[in-house]
Amino acid sequence: MSLDTKLLIGGAPAPPSGGSGSSQESSGTSHNWFTQLLNPSFKAAICVLTAVCGVMDAVSFIGLGGVFTNIQTGNIVQLAFLAGYSTSGRLIDSRNRIGGLVVSLISFVVGAFLGGLCLTGPLGKVKCRYFKEKRIGFLIEWFLMVGAVVCAAIYDSRGLEESNNVLVIEYQRELWLCIVFTAASMGLQAALVRSYGLLDFATNLMTLTLVALVAESKPAGGKGIRWHRRLGSILLFSGFATLGAAVSLRGRGPVWPLVMQLAMLTYVLRALLLGTPP
């Protein structure tokens, strides 16, 4: 009887005894999982950027004098409050608080402008085997974060004094530079994510994400499209903001949270530079 006839009668030949087929399949699955862990996809990289933003808001508010280097709404609101409070005739010992807010806001705008240059300007035309066209901005962001970590490390930790369980920041040159570097990196990242981000997966605009999650949900009469992305981004952002706050308070300064951010950004940098958006 020929082999074809045997296949028709008895079906496909059985795998060798000893369960080698299932073991090979399990080994292949483990190998694929390990490979994906070492080489994250572009989608996973965007998720990590959300975590980076959560940590950034925590470390900037706690360790950089009450400013926000990521969500600029907080800076604008604080500036408006301080301006309104000063019109009442009362003086506030802000200890350079207004200066920090203004520097953060300006640096963020400069970073966003730099992001525009990387996407539609002359920097976007730079070609290199280490990154795809218009991706150089992610590399610049990495260098800005390195600068922030260096400045935070140099910053004298004795500038953090504790008064009534509240950390009081003493502004020094390194701290000002740390605000500049972190705010510029977040402005640059925000501009890049506008072009390369995932649909309905926010990295920093959690207010609009929360509104979309609730207003377009099925109980509200909507279709509930991609609700898991919206909810996931909110949980990821808030979770890492909590972690960033804990590390900032325990470390009594911005350096360790910034090191954690730099490690996360380094982990996904190759995917951001060379990965394929979904």
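The chain has ten helices and two strands. Helices are DSSP runs of H or I with at least four residues, strands are runs of E with at least two, and both are numbered from the N terminus. Along the sequence the pattern reads α-α-α-α-α-α-β-β-α-α-α-α. The model is predicted: local features need pLDDT of at least 70, side-chain atom pairs count only at pLDDT 80 or more, and totals for chains, interfaces and linings use all residues. Residues are numbered from 1 along each chain as its sequence is written, and side-chain values use heavy atoms, with hydrogens and water left out.

Of the 278 residues of the chain, 39% count as buried. Buried means under 20% relative accessible area, exposed means over 50%, and partly exposed lies in between (1.4 Å probe, protein chains only). Among contacts in the chain with a separation of 6 or more, 74% come from residues 24 or more positions apart. A contact here means heavy atoms within 4.5 Å.

Two packed helices are described by the angle between their axes and the distance between the axes. The axes are lines fitted to C-alpha atoms, for helices over the stretch in contact, and angles run from 0 to 180 degrees between N-to-C directions. Helix α3 (residues 42-63) packs with helix α10 (residues 255-274) at an angle of about 160°, and their axes are 9 Å apart. The two helices are therefore roughly antiparallel. Angles over 145 degrees count as roughly antiparallel, under 35 as roughly parallel, 65 to 115 as roughly perpendicular, and the rest as oblique. The crossing of α3 past α10 is left-handed. A left-handed crossing has the near helix turned anticlockwise from the far one by less than a right angle; clockwise gives a right-handed one. On the α3 side, the contact includes F42, I46, L49, V52 and M56, and on the α10 side it includes P257, Q261, M264 and V268. By class, this contact has 18 nonpolar, one polar and no charged residues. Ala, Val, Leu, Ile, Met, Phe, Trp, Tyr, Cys and Pro count as nonpolar, Asp, Glu, Lys and Arg as charged, and the others, Gly among them, as polar.

Helix α3 also packs with helix α9 (residues 227-251), at an angle of about 40° and with the axes 7 Å apart. That angle makes α3 oblique to α9. Here α3 passes α9 in a right-handed crossing. Residues of α3 in this contact include K43, C47, T50, G54 and D57; those of α9 include R229, S233, F237, F240 and G244. The contact has 13 nonpolar, five polar and three charged residues.

Q72 is placed in helix α4 (residues 72-86). Its relative accessibility is 9%, so Q72 counts as buried. The side chains of Q72 and N75 are joined by a polar contact of 2.8 Å. A polar contact is a pair of N or O atoms within 3.5 Å; within protein, one must be able to donate a hydrogen and the other to accept it, and residues adjacent in sequence count only if both atoms are side-chain atoms. Neighbours within four places in sequence aside, Q72 is in contact with S104, L105 and F108.

Most residues other than glycine have a negative phi. K134, not a glycine, has a positive phi near 70°. K134 lies in the loop between α5 (97-119) and α6 (136-154). With 35% relative accessibility, K134 counts as partly exposed. R226 is not a glycine either, and its phi is positive at about 55°. R226 sits in the loop between α8 (206-215) and α9. Its relative accessible area is 31%, so R226 is partly exposed.
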